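Keep the sequence and the 3D view open side by side while you read. The text below moves from one part of the chain to the next.

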Amino acid sequence: MEGNAKGVAADPVLADIIATDEKHYLRAFGARTPVCVERGEGSYLYGTDGKRYLDMIGGIAVSLLGHGNPRLVRAIAEQAAKVIHCSNLFYNPNQTALAARLAALSGLDRAFIANSGAEANEGAIKLARGYFHKLGAPRTRIVAMKASFHGRTLATATATGTEKYSAPFGPLPPGFVHVPYNDAAALDAAVDGDTCGVLLELVQGESGVRPATQAFVDAAAAACRRTGALLIVDEVQTGMGRTGTMFACERYGVLPDILTIAKGLGGGVPIGAVLAREEASKGFAPGDHGSTFGGNPLACAAALAVLDEIAEKGLVARAERTGAFLRERLAAVAAETGRIDEVRGLGLMIGIGIVDARAVGVRDRLLAHGVLANAVGTSTIRVLPPLTLSEDEALEFCGALASALKEG
Ligand SMILES: Cc1ncc(COP(=O)(O)O)c(C=O)c1O
């Protein structure tokens with residue numbers, strides 16, 4: 001990338017880091033943006049190049065409160081001074097309090113706290129299979145969606161409906177089938193008496209920010225009722241206020257049997273959770289599942305602080321308002337530049353369709369304007385900013401986007 005060479009030349013610290021990284025970091029990631037993040041404040045990140053960047057990626061839907069939120073920083077520091085970790089051989093009050101809070105927020109009964117989205121989804125898949133095993137009528141098939149994303153472990157990469165994430169790592173766990181997203185008839189035909197779970201996102205994030213239709217979600221719920229399969233909704237990206245409701249489920253009027261969350265829950269501290277209805281939770285008996293770090297006092301203190309801040313500052317409603325404002329301004333940028341063909345998404349989870357499929361170039365030019373955004377696929381700029389984003393910051397983004405579009 002052209003910007004890469006420029007960035008490296010301007011920043012000797014970055015040049016050193018890239019050289020060491022290329023030598024010692026496992027070659028797992030695609031090309032990284034040539035910015036080395038040193039610190040953050042509110043909606044901005046600061047690089048070792050001394051530059052300030054408007055963070056419209058938010059750690060890919062993680063940094064809900066922005067950077068350096070005082071309540072979150074204090075909660076982490078205070079908890080670290082008390083105790084950082086204890087085994088799940090013991091109780092810790094934060095874990096119990098968080099499970100109760102998540103149950104109250106979601107309308108589900110029980111929570112298992114994990115460390116990531118993939119680990120939460122892995123737990124959900126095990127729970128669904130375990131449920132039918134315990135009923136004495138084993139079912140193993142999970143019906144998942146094409147173009148979905150559920151994580152990088154073997155089972156969640158197999159559940160992910162894009163082969164490139166799993167194909168090199170076979171043999172893959174059996175029992176996963178994929179149907180086209182938003183195709184209610186195909187979903188209905190795929191769900192039968194062997195299906196233990198239907199796994200879906202309500203907005204597919206990684207494949208371009210594509211919301212489910214109401215008819216599709218209704219069909220998934222109906223197919224589960226018809227066959228007894230469990231409805232598993234992956235809200236790893238959409239959860240915790242991102243889409244303008246605490247969970248995207250609320251928008252669709254559906255209460256799943258199992259709900260997974262992660263990303264924003266800890267405001268940047270790694271944490272995920274499997275939430276389940278009482279009946280579905282019977283899929284785990286004592287000793288069936290566990291996690292060394294999952295639900296430790298530090299991560300749960302962070303999550304409790306995030307939930308307090310979301311409630312006190314009204315961040316869910318704010319995400320809805322700022323999202324609507326941003327979409328309205330993006331419509332104006334589309335009219336002005338003629339380079340945007342569609343603006344998709346809910347709340348502050350927004351995909352901007354770029355005509356001519358040149359999203360990567362737009363992303364790179366945004367970087368030159370001091371804005372971090374994400375390109376997914378060839379034609380979508382995805383933005384997942386902090387829920388605390390102000391209208392002025394939204395306008396700053398729109399101004400930079402208009403310039404980036406006119407330049408390319
Ligand atoms: C919908 C969804 N599920 C699961 C995951 C995996 O989460 P993690 O990277 O925390 O394992 C992601 C990550 O992007 C996601 O967007």
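Helices (H or I, at least four residues) and strands (E, at least two) are DSSP runs, numbered from the N terminus. This is a predicted model, in which local features need pLDDT of at least 70 and side-chain atom pairs count only at pLDDT 80 or more, while totals for chains, interfaces and linings use all residues. Residues are numbered from 1 along each chain as its sequence is written, and side-chain values use heavy atoms, with hydrogens and water left out.

Start with helix H6, which covers residues 117-135. Its 19 residues, at 1.5 Å a residue, should span 27 Å, and the end C-alpha atoms are 27 Å apart, so the two values agree. The expected span of a helix is 1.5 Å times one less than its number of residues. An α-helix has 3.6 residues a turn, so residues three or four places apart point the same way. Among the buried residues of H6 are Gly-117, Ala-120, Asn-121, Ala-124 and Ala-128. Here buried means under 20% relative accessible area, exposed means over 50%, and partly exposed is in between (1.4 Å probe, protein chains only).

Ser-116 caps the N-terminal end, where a side-chain oxygen lies 3.1 Å from the backbone nitrogen of Glu-119. After H6 comes Gly-136, with a positive phi near 80 degrees.

Which helix gives the largest share of the shell around the ligand? That share, three residues, comes from H6. In total, 13 residues surround the ligand, and Gly-117, Ala-118, Asp-234, Gln-237 and Lys-263 are the closest. A residue is near a molecule if one of its heavy atoms lies within 4 Å of it. By type, the shell has three nonpolar, six polar and four charged residues. In this grouping Ala, Val, Leu, Ile, Met, Phe, Trp, Tyr, Cys and Pro count as nonpolar, Asp, Glu, Lys and Arg as charged, and the others, Gly among them, as polar.

A polar backbone atom of Ala-118 is 2.8 Å from an oxygen atom of the ligand, and a polar backbone atom of Phe-149 is 3.3 Å from a nitrogen atom of the ligand. Lys-263 places a polar side-chain atom 3.1 Å from a ligand oxygen. On its own the ligand has 390 Å² of accessible area, and the protein covers 82% of this. Accessible areas come from the Shrake-Rupley method with a 1.4 Å probe; for residues, only the protein chains shown count as cover.

Next, find Asn-92 in the loop between helix H4 (70-82) and helix H5 (93-106). Is Asn-92 buried or exposed? Asn-92 is buried, because its relative accessible area is 4%. Leaving out residues up to four places away in sequence, Asn-92 touches Cys-86, Gly-295, Asn-296 and Pro-297, where contact means heavy atoms within 4.5 Å. The Asn-92 side chain also comes to 3.0 Å from the backbone nitrogen of Gln-95.

Some backbone angles deserve a look as well. Ile-60, in helix H3 (residues 58-61), is not a glycine but has a positive phi of about 60 degrees. Ala-147, also a residue other than glycine, has a positive phi near 65 degrees and sits in the loop between strand E5 (141-145) and H7. Ala-147 is partly exposed, with a relative accessible area of 30%. Finally, the peptide bond from Gly-170 to Pro-171 is cis, with omega near 0 degrees. Pro-171 belongs to the loop between helix H7 (154-159) and strand E6 (176-179).

How values were computed:
A polar contact is a pair of N or O atoms within 3.5 Å; within protein, one must be able to donate a hydrogen and the other to accept it, and residues adjacent in sequence count only if both atoms are side-chain atoms.
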